[in-house]
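Hello,

Here is the structure I promised to pass on to you. Please have it open while you read, and my notes follow below.

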Amino acid sequence: MSDVVEKTLTALPSLLSLDSQPGSAKLSSTSKLGSLIRGITELTSKHEEEKLIQRELLSIKEQVASPNTTMRQMKELMVRTIYCEMLGYEASFSYIHAIKLAQQGSVLEKRVGYLAVSLFLNESHELLLLLVNTVLKDLQSTNLIEVCMALTVVSQMFPKDMIPAILPLVEEKLNHPKEIIRRKAVLALYKFYLIAPNQVQHIHNKFRKALCDKDPGVMTASLHIYLQMIQENPEGYKDLTGSFVTILKQVVGGKLPMDFNYHSVPAPWLQIQLLRILSLLGKNDPSTSEIMYEVLDESLRRAGMNHNITYAILYECVKCIYTIHPKSDLLEKAAKCIGNFVLSPKINLKYLGLKALTYVVQQDPKLALQHQMTIIECLDHPDLIIKRETLELLFRITNAQNVTVIVEKMLEFLRISKDDHNTIDLVGKVAELAEKYAPDNEWFIETMNTVFSIGGDVMQPDIPNSFLKLLSEGFDSVEEDRKLRLFAVNSYISLLQGEPGKLPQRFLQVISWVLGEYSYLKEDLESAAVLRLLAKLLDMKNSSSETKSWVFMAMTKLCEGTAGVSVAQEVSETYSSSMDTVLRQRAQELEHLSQDSELCAKVLPRGGDREHVEVDSSLSFLDGFVSEALAAGAAPYKPPHQRQEELAQAKVLSLEPYSLSLPISMSSCSITDRQSPTLLSMSSGLSGDSTDLSHKGGSTTLKLDGVKRVWGREGYLSQKEPVEESAQVEVPSPVRSPNQQEEGDSSHSQTPTVTPTLGCEQEKQQLASSLFLGLSTQSPVCLMGKSEPAPQRFRRKAKSLNTSEQISNSLISSPSAVDNLLCNNLLDSSITSEPDLSPPERTTELTTANGTCNTETALTDSGMKGSNPALNRDNSVDATDPPSHEDMDRPKNVCLMSHLPAELCGLAHSEITPLCTNQSLSLSACHVQKEDSLVLVVFINNCSDSDIQQTRIQVDSEDLEVSCVGDSPVEELRSLSVAVCQYSLTVKRPLVNVEVVGMISYQLPVVTTQELQFSYKLPLSSFIRPLMVSTEEYGTMWLAFSNDTKQNLTLISDEQEPLAATLNVLRKKLQLHIVEIIGMEGIVACSLLQDQPCLMHCRVHAGTLAVWLRSPTPDLPDCLIYHCQRALQCH
Amino acid sequence: MMQFMLLFSRQGKLRLQKWYVPLSDKEKKKITRELVQTVLARKPKMCSFLEWRDLKIVYKRYASLYFCCAIEDQDNELITLEIIHRYVELLDKYFGSVCELDIIFNFEKAYFILDEFLLGGEAQETSKKNVLKAIEQADLLQESQIEDWGSLPNEEIL
C-alpha cells in the first residue's frame, strides 16, 4: 500500500508540471460548480431551477464540443454534468466525452472520467464498448493508481461480450504483489461471475487461490464469489466446509489484525459472510452441519457486547442455526436470542426479532406462544412496519380457531395501509385464509366482499377467479352449495342497491357473474329487478368496458319474462351501436337471445348442468390448413419467445449457452360451461404457447427456503435423544408434554403472570387467548397443530385445482400452492409422528456436481500445495486439504458394479453415482433400463468396522411411482459389505428430469439411530423406449393425439445425409424408432414406459430440422424436445 | 448484494446516488421519488428498516442527511446499517467533521470514498485504515481546495 503512495508521489511532480498555472485554473473551475450550487439554493421554484439547469447544460454542451477545451476543463465540466444529472436532468450528450476523458486525461482527470462513466452508463449501454480499450490500456499501466481505477470500473460495469478481452489481464492481477490490486481483481471476477458465469468457469481454481490469499481482505472478497457459487450448487463445495469453519473460528477468536476490527468486533462483515455460506452448506445435511456446531456455539457466546454489530452477527447466527440440520442445545440458545430481540426496547431489534420468529414459527410454534404478549403489543404498534411484520407472523400460525381474529386484524391494517405492494400481498393472504379456514358462509362472503372492495383493481386476478371457481364448482354437499350461493346473491343485491359506484371494477365483475348465475336461487326475487340493477351499472360513468361485458353476459343469462325482456331490449338498443366492438357484440347477443328463449336455454343452460367442454387448445382442427400453408412454402410457426430469442441471437454475438425452453403444461385445458368472458379470453390466449408464464411470479410466496420441518410430536424429528434429556430435567407431569410445560403458566392456563389490573391489560389478554387459540388451548399432542387436519370448509373437488391453475393467468403465480404446503406442514406434523422426508431442495445433477468437484480438487491439489491461507497456517493446515474424492470413487465403482444383480447385468445402465456418505455408510445408485421398466439400484456400502443393524431405507418421489422389487431390503449389514436394493420406477407425469428422494436410517452398535438423506436425479429419456409402428399406424395415431409442440432443432450437417444422420443420433441416444424417411421428411416414434406414445415428424427446412411432436400425454412432447435438443447439442 | 444507495437531505434533495443494478433512468427517478417520500414521512423513533417492493430498505438519518440503502431479501439489515455508519465515519475522517455541505460541494470525492469502500454492491474493504490509505493517495492528487460557503448553514453530521 505504501508503495502505491510512493508511486503517486513520484508521479506527482510530472502531473503538476503539465499544468501551467495550477492555482488560478483550479479556483475558477471549482467555483463554477460552487456558483451553480449556490445559484440553485437561491432559487424559489422548480421552474426557475429547470431554466437555470437547462441554461447550464447548454453552455456545457457547447464547451465539451469545442476542440479548444482542455482535459482539465473537461474534468470540471464533467463534475458539473454529474451534478445536473443527479438533479434529474438528462445530459446524454456528455457520455461520450466522459469516456474520452477516461481515455485521454491525466491520472487526475481520468479518475473523474471513470467516475462519470460509472455514474452515467450501465452495463447494457452501447457506448461502454468504447471504454474497453481504455480499460485494457490502464490494466497494463505501470501506474498502480491507473490499474486500480480500471479494476474499479470493471467491477461495476463491463460489457458481457467483451469479458474475454480483458479476462487474462484481470486474472494476472490475482498474483499482483499489492493486496489492493488482488482484492479489486477478485471483485472484478465476482462481477464477471454474476453477469456471465460460464466465462469464468475455467478459472475456478483461481478462486480457490484467492480464498487462500494471505491477506484477509482478498480472502474476504473471494467469499462473495463462493457465496454465489454455493448458492447455486451447495453439493459442489461441501469439501470446503472445514476451511470455512476454521476461518470463522480464527476470526471469532480474534486472530485477525486489529485493522479489521469494527467497534472492537473482529471483522463482522467477514463473519456474516461466512455464516451465510455455512448455512447454505449445512442445509439438509446432517454430517456437514455437524462440523459447524462448535463454531456456531462459540459465535453465539462471543457476541455478547451490546452493540448493533454484535446483534447483526447474532441474527445471522440464529438464521444459520435454524437453517442447518438442527441441534437441540443450539436451537435453545438461538430461541433465547430471538427472545432477546423480540423483547428489546430498540425498535430495530424488535423488528428483526419478529422477522426471526416468523421464520421459525412454523417449526417451533411454542416460541410464538412465549412471546404472545409482545406480539399483541406489536400489533398495535404505531410503526406500520412493525405491525405488518406481526401480521406476517400471525399469518403463519393461523388455524381454524383463530382465523376470524387474525383476518380481522389484517383487514384493519389493510384499511389504513396505502402501499399497493402491501395491499396486494395482504389481500392475497386474507383470501387464502378465508378460503382455507372460513368458519361459516356468512363470514366467508363478507370477508371476501371486504377483500374485493379493498383489493380492488390492484389485487392479483386469481383471487376473484378462484373465488368464482369455488362458488361454481361447489363442495361435497349440494345443500351447502345452495346456501353459500344464496348468501352471496343476497349480499350482492344489497350492495348494488347501495352505492355500486364506489365498488372496484373487479368486484362488480364478480357481482355480475354471481347474479347472472345464481340469482334464480332467491325465489322472491324477480329477474327483472336484478336486470334493472345490472343495467344501472352500465350507465355508470366509471364502469370499464370489461365490466360492461361481464354485465351483459349476466343480463343475457337472466332475461326472461316480459319485464325482463323489455329491460334487455332497451339496453341492447343503446349499446348495439356502441363504438366498442366487444360491447356491440354482447349487446347483439343479448338482443337475439332475449327474443328467443328456446335458443337461450340451449346456449346457456341454467344451474346444475356442469358438463365440461374439452377445449382443443392445440387447435388440431387447423392442422389441415397449417400443412397446406407449409406445403405452399409458409414459414413454420415460431412462438413469440423463440422469435425474440432468435432475434436477440442474431443481433449480438452471444457467448452464453442456449437457454432451453421450459416445458410447462398448458396444452390441455378444460373450461367449464358458461364461463365468464375474461376467463375464456385468457385461456384462448394461453393455448398457443405458455413458456413465458412461469418465469415471473413466485415473488409473493413465503420465502422460507432453508426452513425444514424438524419438529414433530416428540420434539425434534430424527433426534430423539435430546428430547429425552430435556424431559428428564424437567420432571414431566403426566398430562403435559415437556414442551407444553414451559409456557404453561403464560399461555395455556390463561392466568397470566402479569396481573390484569387495568382494563386494557385484560383486553390484551383476551386478544391473546383468541389469537393463540389453536396453538395453546388444546391437548399437548396438538401443540404443533391440530390432531386432525382442520375441517376445511371449502374443500375443493380434486379436479378444480388443475383447472384453476391453468386458468389463472396472473403474472404472479398463485401463492397458495406453496403456502398450503407450509401450512399443512404445521397441521400434519401431529398426524405423522414418523420423520417425514422433506425432500432436499433441488440439488443439481449429481454427476455433474461430482465432476466439477473432482476436477477442482485435482487442480488445487497440484497447484496449491503449501499455500494454505496464512490464517490457517498455524493450527490447521489440513483444513483446506480437500478429501480426495476421485481416488476413492473410481475403484469403488468398479467393485460396486459386481454387486449388480445378475438379471440386470446384460442391460444398459447408467454410471454408478455416489448419493451420500458418512463415516459408516456410503450410498450409490444407478438406473438400469429394462425393456418394460426402469429399475433403480441402490448400493449400500457399510464402510465401517462394525455391523449395522436395523437398516431401513425409504425411497419416494413426487414425479414417479416407486415400488420395491424383490425381497424386502436388508436389515442387517455386515462390516465392509454391500447390500443392494432395487426399485421399479414408473413416471406419474412427464418432467424433463425426475427425482427420487430417500432416506436411510440405521443403527450402529454403540450409537443410536442415524439417518442419511439422499436424492437421485434421472432424465426422462431413460424412460423412453422405441415404439415399433408402421407408417399407416403412425398416420392414424397422429390424427388422434392432441398435445403437440413444434420447434426447430439443429441439423447435423457435416454428413452427406443430414436428416438421416440427425435422426440416427436421436435413435442412438434416445432410443427413438425411425419409422420412415422420405426425402426431406422423416417420421419417428417412441413411447414412454406404460404405453404413452409420442410421435415426431421431422422436416429439413432452411438448414434446420423442423420437428413437430404429438402425444396423448400432456407435457411429454415438451420434455422430449428438450432431450432432443440436449442430445444434438452434445453430439 | 446492495442494489443501490441514496443520500438525500431533509428537504428531499438528492445528494448522492449509486446504483449497483442496471436500471433505466426513468426507473431510477421513480424509485428515488417514491423512496424519498416514504422515508421522509417516517417519524424519528421508527424502525430503520422497510419492506419495499421485493427489496429491503435500510435507512439512517445523520443530522440533515438521510442515508438509504436497498438490499436483497437474504441480506442482513443490521450489517447494512453499519455499512452506512462506516461510510459516515470515513467521510467524517476524510473531511474532518463532515457536514452536508462538504458532500454537496465535493460530491465527487464522496463518490471516490464510496467506491473504495463498496464495490459492485459488496463491501470491498472493511478495514477503515486501508480505505483511508487508499483515499490518501487520491488526496495527494486532488487539489486541496477550501471552499468558501459564505453564510450557508452548516451542520456537522456526525
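A residue is called buried under 20% relative accessible area, exposed over 50%, and partly exposed in between. By that scale Leu622(A), with a relative accessible area of 35%, is partly exposed. Please keep in mind that this is a predicted model.

Leu622(A) sits in the loop between strand S3 (612–615) and helix H33 (623–631) of chain A. Together with Leu619(A), Phe621(A) and Phe625(A), Leu622(A) makes a nonpolar surface patch of about 430 Å².

Now to the aromatic rings. Two rings count as a pair if their centres lie within 6.5 Å, and planes over 60 degrees apart make the pair edge-to-face. Over all chains the count comes to 23 aromatic pairs. One of them joins Tyr226(A) and Tyr237(A): the ring centres are 6.0 Å apart and the planes stand at 85 degrees, so this pair is edge-to-face. The two tyrosines are eleven residues apart and link distant parts of the chain, with Tyr226(A) in helix H12 (residues 216–232) of chain A and Tyr237(A) in the loop between H12 and helix H13 (241–252).

Back in chain A, ring pairs connect Phe444(A), Phe452(A), Phe467(A), Tyr492(A) and Phe507(A) into a cluster.

Charged side chains also meet rings here. Arg111(A) lies over the face of Phe112(B), at 4.0 Å from the ring centre, so you will want both chains in view for that contact, since a charge counts as over a ring when NZ of Lys or CZ of Arg is within 6 Å of the ring centre and within 35 degrees of the ring normal. Within chain A, Lys429(A) lies over the face of Phe395(A), at 5.2 Å from the ring centre.

Next, a helix. H16 (residues 308–323) of chain A has 16 residues and spans 23 Å from its first C-alpha to its last, close to the 22 Å expected at 1.5 Å a residue. How much of H16(A) is buried? The count is 16 of the 16 residues, so the helix is largely enclosed by the rest of the structure.

Another helix of chain A, H30 (residues 561–575), holds Ala568(A). This alanine counts as buried, at 0% relative accessibility. The C-alpha atoms of Ala568(A) and Arg532(A) are separated by 8.9 Å, while the two residues are 36 apart along the chain.

Finally, some backbone angles. Most residues other than glycine have a negative phi. Ser264(A) has a positive phi, near 55 degrees, and lies in the loop between strand S1 (261–262) and strand S2 (265–266) of chain A. At 56% relative accessibility, Ser264(A) counts as exposed. Ala267(A) also has a positive phi, near 30 degrees, and is placed in the loop between S2 and helix H14 (268–282) of chain A. Ala267(A) is buried, with a relative accessible area of 3%.

Happy viewing, and best wishes

Note on methods. Residues numbered from 1 in each chain as written. Chains lettered and ligands numbered in written order. Predicted model: local features only at pLDDT ≥ 70, side-chain atom pairs only at ≥ 80, totals over all residues. Heavy atoms only, no water. Phe/Tyr/Trp six-rings, centres within 6.5 Å; stacked < 30°, edge-to-face > 60°. Helix = DSSP H or I, 4+ residues; strand = E, 2+ residues; numbered from the N terminus. Expected span 1.5 Å × (residues − 1). Buried < 20%, exposed > 50% of the residue type's maximum accessible area, 1.4 Å probe, protein only. Patch = residues over 30% accessible without salt bridge, like charges linked within 9 Å, V, L, I, M, F, W, Y side chains within 5 Å. Areas by Shrake-Rupley, 256 points an atom, 1.4 Å probe, with all protein chains shown as cover. Salt bridge = Lys/Arg side-chain N within 4 Å of Asp/Glu carboxyl O.
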